[in-house]
Amino acid sequence: MDPFLQAAIDEAKQGLAEGGIPIGSVLVIDGQIVGRGHNRRVQQGSAILHAEMDCLENAGRLKARDYQRAVLYSTLSPCDMCSGTALLYGIPRVVIGENRTFQGPEEYVRSRGVTLEIVDDPTCIQLMRDFIAAKPELWNEDIGV
């Protein structure tokens, strides 16, 4: 198991334990985690704290050259908002735990030159399937349905 994807999974599990949506993310630069986060929309009453947004916020202000060396890991395919943020900051690679339960604008992100790696991780898939089955209304709120 990739230790960075495992760190994102640990974040997802922490979010679930807090009563939130089990999606986690880490930002890695030069082999080091510089930011980590999980979906905290429920916990914080936030409109925007998806896992990737929380992760980038927790990484703090970085220079453009830092983002250009970064890899963003997420347990789930990033949505339009999170994908747009990765594009805005020029993050060149995104590792996605799974895209079966939800798929963001992956083709568009690729068309903008970002490398996407889909891991199809069984733990990521099961976390989301179980959550969606248990709390479909909360999941639909999270994805804007």
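Start with His38. At 5% relative accessibility, His38 counts as buried. Buried means under 20% relative accessible area, exposed means over 50%, and partly exposed lies in between, with a 1.4 Å probe and protein chains only.

A quick word on the source. This is a predicted model, where local features need pLDDT of at least 70, side-chain atom pairs count only at pLDDT 80 or more, and totals for chains, interfaces and linings use all residues. Residues are numbered from 1 along each chain as its sequence is written, and side-chain values use heavy atoms, leaving out hydrogens and water.

Back to His38. Where is His38 found? In strand β2, residues 32-38. Helices (H or I, at least four residues) and strands (E, at least two) are DSSP runs, numbered from the N terminus.

Which side chains make a polar contact with the side chain of His38? One is Glu11, at 2.7 Å. Another is Glu18, at 2.9 Å. A polar contact is a pair of N or O atoms within 3.5 Å; within protein, one must be able to donate a hydrogen and the other to accept it, and residues adjacent in sequence count only if both atoms are side-chain atoms.

Leave out residues up to four places away in sequence, and His38 still touches others, including Leu49, His50, Ala51 and Asp54. Contact means heavy atoms within 4.5 Å.

Two of those names lead us on. Ala51 and Asp54 are among the buried residues of α3. Helix α3 covers residues 51-59, and seven of its nine residues are buried, so it is largely enclosed by the rest of the structure. What do the buried residues of α3 pack against? They pack against β1 (24-29), β2, α4 (64-67), β3 (70-74) and α5 (80-88). Just after α3, Gly60 takes a positive phi of about 80°.

Now take β3. It is mostly covered: five of its five residues are buried. Ala70, Leu72 and Ser74 point one way, while Val71 and Tyr73 point the other way.

How does β3 pair? With β1 it is antiparallel, over five bridges. Two strands pair if DSSP finds at least two bridges between them. Ala70 in β3 is the bridge partner of Ile29. With β4, residues 93-96, the pairing is parallel, over four bridges. There, Ser74 has Ile96 as its bridge partner. The chain crosses from β3 through α5 to β4, a right-handed β-α-β crossover. Right-handed means that, with the strands pointing away from the viewer, the path from the first strand over the helix to the second runs clockwise.
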